[in-house]
Amino acid sequence: MHEKALPRITVTMGYPAGIGPELVIKTLSQQRFRHLCRIMIVGDLRILQKAAKIYSTSVNWNTIKNVKQAEYKPAEPDLIDLQNVPVGDFRWGEIVPSLGKASGEYLEVAWKAATEGKTDGIVSGVLNKEALNKGGYTCRDELELISRITQSRESFTVGVTGNLWTIPVTTHIPFREIHEKITKDRVLNHIKVMDELMRRYGFSQPRIGVAALNVHGGEDRLFGGEEAEAISPAILDARRIGIDASGPFPADTIFVRALREEFDCIVGMYHDQINIARKLIAGIKSVTLFMGLPVPCGTPAHGTALDIAGRGTADSSGMETAIEAVSKLARFKQ
């Protein structure tokens, strides 16, 4: 693909005192990304220089004030240098409100570029939700914040673990509220969303397995009625419109079946039902995608790893996989 045809991917630095800056430095050292996409970074040059020093390397940055000045030269990555980290507050591995505010500002700059059509995809550096909130960005998670910034009402979260895709019907809500959100319409909508997204990504006929909510799949209402009242009817409706959906399967067996390659996708009912299993399968190589936004967005499916930040031991596999996935989705959108 010609260099100018490669998708423009904006990567934010993430929480400054976490492993985000290290992931940026390690990823930029991978030559293969020069043939995959054109990368622009949003962050703070001083912190990135600290991260580069940890790895005894240096980066020749093209520091710019806004995305209009981006040149996308492979050997000299563009950096929108906000210089927004109070140096006196910076300490690796600590939660500091001013640093949480800085990480939110990176997202605002990146998504302004997206809404203006100046980037084709965004990879969010890992964030710390506690620091974000203490820094003034009141939100439950990144998706809520991004949706607010972009005024997106139909956004959703998808997991990519190797060749297995996952989506939870409910995300960051109290456990006691989950069953109230398991309706036929919500389950069906999540099945349809995944079928459409995966076809766009290149799957000709995604095989979608749908998880039960209750233990043993409800045992014919013995342990709950959500399977009979909402999940099974949604699966039947999906099949009527040509979607290869099946289930509901008990949560303690559905991932076993997926590892046997029976499914390309799992629609789960709640956050941990999906994420415990996929993180055990792929570890840090698992990626979270935020969709239903102006452009596709991805982030590593791990946290800021404050316990190892600044030590030079961070693994950039998750960040690299996120860039690969977002680049591919951006190309299909073009």
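In this predicted model, the side chain of serine 98 forms a polar contact of 2.7 Å with the side chain of aspartate 89. Serine 98 lies in helix H3. Its relative accessibility is 18%, and because buried means under 20%, serine 98 counts as buried. Once neighbours within four places in sequence are set aside, the contacts of serine 98 are with Pro86 and Asp89.

Helix H3 covers residues 97-115, and its 19 residues, at 1.5 Å a residue, should span 27 Å; the C-alpha atoms at its ends are 27 Å apart, so expectation and model agree. Serine 98 is one of several buried residues in H3, among them Leu99, Gly100, Tyr106, Leu107 and Trp111. An α-helix has 3.6 residues a turn, so residues three or four places apart point the same way. The buried residues of H3 pack against strands E1 (8-12), E2 (38-43), E5 (121-123) and E12 (297-300), and also against helices H4 (129-134) and H5 (142-150). Just after H3, glycine 117 adopts a positive phi of about 75°.

The discussion now turns to the nonpolar interior. In soluble globular proteins, nonpolar side chains tend to be buried together. Here the largest nonpolar core contains 80 residues, of which Trp165, Ile191, Met269 and Leu289 touch the most other members. Helix H7 (residues 184-201) gives the most to this core, contributing 8 residues. For isoleucine 191, the contacts beyond four places in sequence are Ile208, Val210, Ala234, Ile235, Ala238, Ile243, Ala245 and Val267.

The cysteines remain to be considered. A disulfide is a covalent bond between the sulfur atoms of two cysteines. How many disulfides does a search of the whole structure find? The search finds 0. For cysteine 37, the closest cysteine sulfur belongs to cysteine 297 and is 14 Å away, which is too far for a bond because a disulfide requires sulfur atoms within 2.5 Å. Cysteine 297 is likewise in no disulfide, and the cysteine sulfur nearest to it, that of cysteine 139, lies at 13 Å. Is cysteine 37 buried or exposed? Its relative accessibility is 4%, so cysteine 37 counts as buried. Cysteine 297, at 0% relative accessibility, therefore also counts as buried.

Technical notes:
Residues are numbered from 1 along each chain as its sequence is written. This is a predicted model: local features need pLDDT of at least 70, side-chain atom pairs count only at pLDDT 80 or more; totals for chains, interfaces and linings use all residues. Side-chain values use heavy atoms; hydrogens and water are left out. Helices (H or I, at least four residues) and strands (E, at least two) are DSSP runs, numbered from the N terminus. The expected span of a helix is 1.5 Å times one less than its number of residues. Buried means under 20% relative accessible area, exposed over 50%, partly exposed in between (1.4 Å probe, protein chains only). Contact means heavy atoms within 4.5 Å. A nonpolar core is a set of buried Ala, Val, Leu, Ile, Met, Phe, Trp, Tyr and Cys residues joined through side-chain atoms within 4.5 Å. A polar contact is a pair of N or O atoms within 3.5 Å; within protein, one must be able to donate a hydrogen and the other to accept it, and residues adjacent in sequence count only if both atoms are side-chain atoms.
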